[in-house]
Amino acid sequence: RRVHGDHLTFIMVRTKEDKPKVPAECEYEATINLHKALHKCTFKDKAPKAIKAIRAHVQKMLKTKDVRVDVALNQYLWKKGVHSLPKRVRVNIKRQRNADEDAKEELFCLVTHVKCDNFHGTATVAVKH
């Protein structure tokens with residue numbers, strides 16, 4: 001609770017039990033707005049920063065540090081060169097268990113490209129939950 005002048009303001013505090021948990025193995029389709037992520041970015045840094053933006057988006061969304069970008073998605077982003085990137089990209093994100101027993105992370109995310117002609121009305125969708 002906070003006191004502002006003459007009145008009180010109550011703030012909702014979430015505990016760890018209240019937060020929704022994402023299952024260990026799941027699959028999502030999401031649209032990532034690269035135009036917003038690369039605003040005011042140097043031309044020569046656009047494609048590398050686009051891949052970093054995709055990694056950051058997936059890390060924030062599924063809370064895994066190990067994010068692997070598929071070769072087809074990388075080629076799609078670099079297709080027109082270092083600074084002529086698509087404004088949006090539709091991706092499929094799969095969170096899987098690591099087969100390697102010596103790995104630091106128990107789970108990893110694989111990000112692949114999904115062909116999409118029109119991005120109007122495309123929201124994040126749980127394919128397999």
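This is a predicted model: local features need pLDDT of at least 70, side-chain atom pairs count only at pLDDT 80 or more; totals for chains, interfaces and linings use all residues.
Helix α2 spans residues 46-62, and helix α3 spans residues 71-78. The two helices pack at an angle of about 140 degrees. Their axes lie 10 Å apart. An angle over 145 degrees would count as roughly antiparallel; α2 and α3 are therefore oblique to each other. The crossing of α2 past α3 is right-handed. On the α2 side, the contact involves Ala47, Pro48, Ile51 and Ile54. These residues meet Leu73, Asn74, Leu77 and Trp78 of α3. By class, the contact comprises 7 nonpolar residues and 1 polar residue, with no charged residues.

The largest nonpolar core contains 23 residues. Leu34, Ile54 and Val91 have the most contacts inside this core. At least two core residues come from each of β3 (26-33), α2, α3, β5 (88-97) and β6 (107-113). Helix α2 supplies the largest share, with 6 residues. Ile54 of α2 also takes part in the contact with α3. For Val91, neighbours within four places in sequence were left aside. The remaining contacts of Val91 are Tyr28, Glu29, Ala30, Ile32, Leu73, Val111, Thr112 and Val114.

Phe119 sits in the loop between β6 and β7 (125-128). Its relative accessibility is 24%, so Phe119 counts as partly exposed. Buried residues would fall under 20%. Phe119 and Arg88 are 31 residues apart along the chain. Their C-alpha atoms are separated by 7.7 Å. Beyond its neighbours within four places in sequence, Phe119 is in contact with Thr31, Arg88, Val89 and Arg90.

Methods: Residues are numbered from 1 along each chain as its sequence is written. Side-chain values use heavy atoms; hydrogens and water are left out. Axes are lines fitted to C-alpha atoms, for helices over the stretch in contact, and angles run from 0 to 180 degrees between N-to-C directions. Helices (H or I, at least four residues) and strands (E, at least two) are DSSP runs, numbered from the N terminus. Angles under 35 degrees count as roughly parallel, over 145 as roughly antiparallel, 65 to 115 as roughly perpendicular and the rest as oblique. A crossing is left-handed if the near helix is turned anticlockwise from the far one by less than a right angle, and right-handed if clockwise. Contact means heavy atoms within 4.5 Å. Ala, Val, Leu, Ile, Met, Phe, Trp, Tyr, Cys and Pro count as nonpolar, Asp, Glu, Lys and Arg as charged, and the others, Gly among them, as polar. A nonpolar core is a set of buried Ala, Val, Leu, Ile, Met, Phe, Trp, Tyr and Cys residues joined through side-chain atoms within 4.5 Å. Buried means under 20% relative accessible area, exposed over 50%, partly exposed in between (1.4 Å probe, protein chains only).
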